Structures are given as structure tokens and as C-alpha cells.
Amino acid sequence: MTPRLEDARILMYSHDTFGLGHLRRCREIAHALVAAYRGLSVMIISGTTIAGAFDYRVRVDFVKIPSVIKLRNGEYQSMAQHTSLEDTLEMRRAIIRQTAQSFHPDIFITDKEPMGLHGEIEETLAFLKSQGTHLVLGLRDVMDAPELLGPEWARKDVLRKIETYYDRIWVYGPEGFHDPLAGLPVPEAVTARVRYTGFLRRAIPKMGTPAHRPADGYLLVTTGGGGDGADLFRAVFAAHRHDPGIGRTLAVLGPYLPARERAELLAEAETLPNVETIEFDNRLEELVAGASGVVGMGGYNTFCEILSFDRPALIVPRTQPRLEQAIRAERAAELGLVRMMPAEDTVDPAAFAAALRALPDAPRPSKSRAAAKAGFMALDGQAQIARDVGEWLMAPRQPALRAVQS
């Protein structure tokens, strides 16, 4: 029987500056938690422009904060043309703080950015710490190469602040696959708070109606939000032009693909008889499940869907502005979970066409003995997270602590 909690509340923060990965991960965790505990409510703070395009389970809701976008050079700008980044960040800080004060969460979960965008949640973390709220930092299995992440975090004094504020650090992957903090001078106190949850299993959503329902047997090409996916789509289309016999391909362009590139790709796809394009589907899990193979860039959510639905995959990772996707793809290819192709190799239409043709017959992730032996295919992240949450919420509430000085 599902345990019942009386008016327990969890607040999640997803900064959402590039793509859909952060919101989709938070939403997946929120849905698992309300399914595990009756009476629990989850509120997600999100900066994505299309937070309302997804379905949410009962007792899961979201608060939209003004959107910013991360440029390819790593800088940020406001999505509102006539609002400065400084003014946008000030509005975001105020909404986040007010939401925390009004919602009174028992647990606050931060996705990926320990202090939020430009430190926007540090004030809220200090306030919640003073209220006795459990503070959790959730990290992807891979963050970035240490030679890139280390200097960035050192400038922002991130590791000391993680030690100051956070009670637990969840790594959304299995121990032994990759250590997202490897190569950093991590304090022992922080290391002791790390828990590897395992990958987050995905399932076909039970609610809502799929926007697109193709027949099975297609190659699915997805780049997540699509903001940096144009080159991969161009390479796939060039391969089809070189070899029209590749077979049926469904390309999901993503809502953040720039308008000019979107128009160009849609026009080109019209000339390719075996290529179908759609711009967005909020039930991508269903499209992954029906595919004969998946072509992607290796973001966290796509990788979890490939494992969950046991699809042969060809990963073409990006290497700017972070090496996250390349590190994950190299490790997964080493284990035999996916095939990997560097982006520079896809400019050869013949070579890429051959790789696409071979993909449906490639081994599925479940065939990897090394991954199975190590337990990497357990995909039990939600269950581990639910156990932690249950321990905290069913224990007596800790008394308020003295406010932390930032």
C-alpha cells in the first residue's frame, strides 16, 4: 500500500537555460515521488519557455520564472528583448525566494547548478537552511571535464558553498559509471554526502495523448531541445540524399532550434521521401520506444530513454560549450551500450549513411555484459530517491537552524 504523508511538500529548482533536460528530469522525479507517497505535493520552479507544454500528474505543479538562454559561447541573455539580464535575474531571485517562503517545503531539490544561475538561489538556500529544510543537490552522471568545471567552480567558490548548504548530493547514475566530481578538490564532508541513485528509468506516459503516432520501424533523430542540433540534422539529411535507401527516418527538431535553421531544414526534408520531420512532442518516450534505432547527441534524458527502451543508438556528441555528452558517449560506447561517431566524421555522407543503415541491427544496450555485470542497467534511480525522501519525511522535523551567513 502506498504510504500516506500529511501535507508533505517538496520544492524543486530547474534553472533551464539551454534545452529541456533539466525540466524533464525534475518532472520525472516529481512524478515518481507523488506516485510513491500519497499526500505529497511537488512544486517545480522552471525557467523553460515551454514548461506548460508538458502534462503533470496530480499534486505536481510548476512556477514559471522569466526565461534566459545560454549562448554557445557560454554567456547568457534574457529571452525578453527589452529586459536586461540583470533585471531578469533580479525578478527570478524574487520569485524563487517568495515561492520558497509561501510553499514551506520540507525538502528543496536543486538540479545541477548548486547556487543556481548567477547565484540566484543562494539567498533562498540560506533561508531554507534556517528553517530546517532538507537541501539536496542533484547532479547528472557527467557534469563536464574537470579541467573545465574545476576553474569555473573555483571562481564561484562552489565546493565550499555545497559543503555549507547541502545535506545530500544525489548523482543520477550508478556508481562506477562515472564520477561527476572526479578531478576536483572535493572536501571529505561533501564526499560523505554523495549518493549514487542509478539512472532514472523512463516509461511511456499513462496520461495525455501522443501528438505523433508513427508506425514502428523508423530511425528517430532527436537532439533534445534542439538549440544546437542543426548540424546533426543536416548530416542526417545529407546521408539520405547520398543513400535514399537508408529507410524511414523521423526527425524531431526541438522547440529551441533557431527559426532560420528550422525553416531551412523543413524545406530540405520536403525533398527527401524517407524523411519526416516534426518540431516537438511532449511524449518523446513513446517515439523512442517505437524506433528501430535512435540517433542523438547523448544528453542525459535521451541516454536514459535509450537504456529504458533498449534501443540501438548512434551518439554524435557535441563538444561545446561542455564535454558532458562526449564523456558520457565515450563511456557508454566503451561498455557496448551505444555506438559513437565524432561529429567531424558525419560530414562524410557515405560514412554516415553506412552507420545509419547498420544501426537497426546493432546490439541493444541489454546485450552489454559489462554493463549488466556492473548493475548499470538497473535504472532504479527513482526508487533510491523515493527511499531517501521517505526517510526524511517520515522522521520528526528537525528544529530550525540559525540562519547561514552567505
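The legends below describe close-up views of a predicted model. Local features need pLDDT of at least 70 and side-chain atom pairs count only at pLDDT 80 or more, while totals for chains, interfaces and linings use all residues. Residues are numbered from 1 along each chain as its sequence is written, and side-chain values use heavy atoms, with hydrogens and water left out.

**View 1. Helix H1 (residues 21-36) crosses helix H14 (residues 381-393).** Helices (H or I, at least four residues) and strands (E, at least two) are DSSP runs, numbered from the N terminus. The two axes come within 10 Å and cross at roughly 60°; axes are lines fitted to C-alpha atoms, for helices over the stretch in contact, and angles run from 0 to 180 degrees between N-to-C directions. H1 and H14 are therefore oblique to each other (under 35 degrees is roughly parallel, over 145 roughly antiparallel, 65 to 115 roughly perpendicular, and the rest oblique). The crossing of H1 and H14 is right-handed, a term for a near helix turned clockwise from the far one by less than a right angle, left-handed being anticlockwise. H1 contributes Glu28, Ile29, Ala32, Leu33 and Ala36 to the contact, and H14 contributes Gln382, Ile385, Ala386 and Val389; contact means heavy atoms within 4.5 Å. Seven of these residues are nonpolar, one is polar and one is charged (nonpolar: Ala, Val, Leu, Ile, Met, Phe, Trp, Tyr, Cys and Pro; charged: Asp, Glu, Lys and Arg; polar: the others, Gly among them).

**View 2. Arginine 25 is a buried residue of helix H1.** Its relative accessible area is 2%; buried means under 20%, exposed over 50% and partly exposed in between, with a 1.4 Å probe and protein chains only. Leaving aside neighbours within four places in sequence, arginine 25 is in contact with Asp111, Arg140, Tyr172, Leu200, Tyr300 and Asn301.

**View 3. Glutamate 285 lies in helix H9 (residues 284-290).** Glutamate 285 is buried, at a relative accessible area of 3%. Not counting residues up to four places away in sequence, glutamate 285 touches Arg24, Glu28, Arg202, Ala203, Ile204, Pro205, Glu305 and Phe309. The C-alpha atoms of glutamate 285 and serine 308 are separated by 9.2 Å, with the two residues 23 apart along the chain.

**View 4. Six strands form an open parallel sheet.** The strand order is S12-S11-S10-S13-S14-S15. Two strands pair if DSSP finds at least two bridges between them. Strand S12 (275-278) and strand S15 (339-340) are the edges, each pairing on one side only. Two bridges link strand S14 (residues 313-315) to S15 in the parallel sense, and isoleucine 315 stands opposite methionine 340 in S15. Helix H12 (residues 349-358) lies across strand S10 (218-222), strand S13 (291-296), S14 and S15, at about 150° to S14.

**View 5. Strand S8 (residues 168-172) has five of its five residues buried.** Arg168, Trp170 and Tyr172 point one way from S8, and Ile169 and Val171 the other way. S8 pairs with S7 in the parallel sense over five bridges, with leucine 137 opposite isoleucine 169. Three bridges join S8 to strand S9 (residues 194-196), again in parallel. The bridge partner of tryptophan 170 in S9 is arginine 195.

**View 6. Helix H11 (residues 324-334) is mostly covered.** Eight of its eleven residues are buried: Glu324, Gln325, Ala326, Ile327, Arg328, Ala329, Arg331 and Ala332. The cover over these residues includes strand S7 (134-140), helix H10 (300-308), S14 and S15. Glycine 336, with a positive phi near 80°, follows H11. In the loop between S14 and H11 lies proline 321, and the peptide bond to proline 321 from glutamine 320 is cis, with omega near -5°.

**View 7. Histidine 104 and leucine 379 have positive phi values.** Most residues other than glycine have a negative phi, and most peptide bonds are trans. Phi of histidine 104 is about 55°; this residue lies in the loop between helix H2 (85-103) and strand S6 (107-111). Histidine 104 is exposed, at 56% relative accessibility. Phi of leucine 379 is near 50°, and leucine 379 lies in the loop between helix H13 (369-374) and H14. Leucine 379 is buried, with a relative accessible area of 5%.
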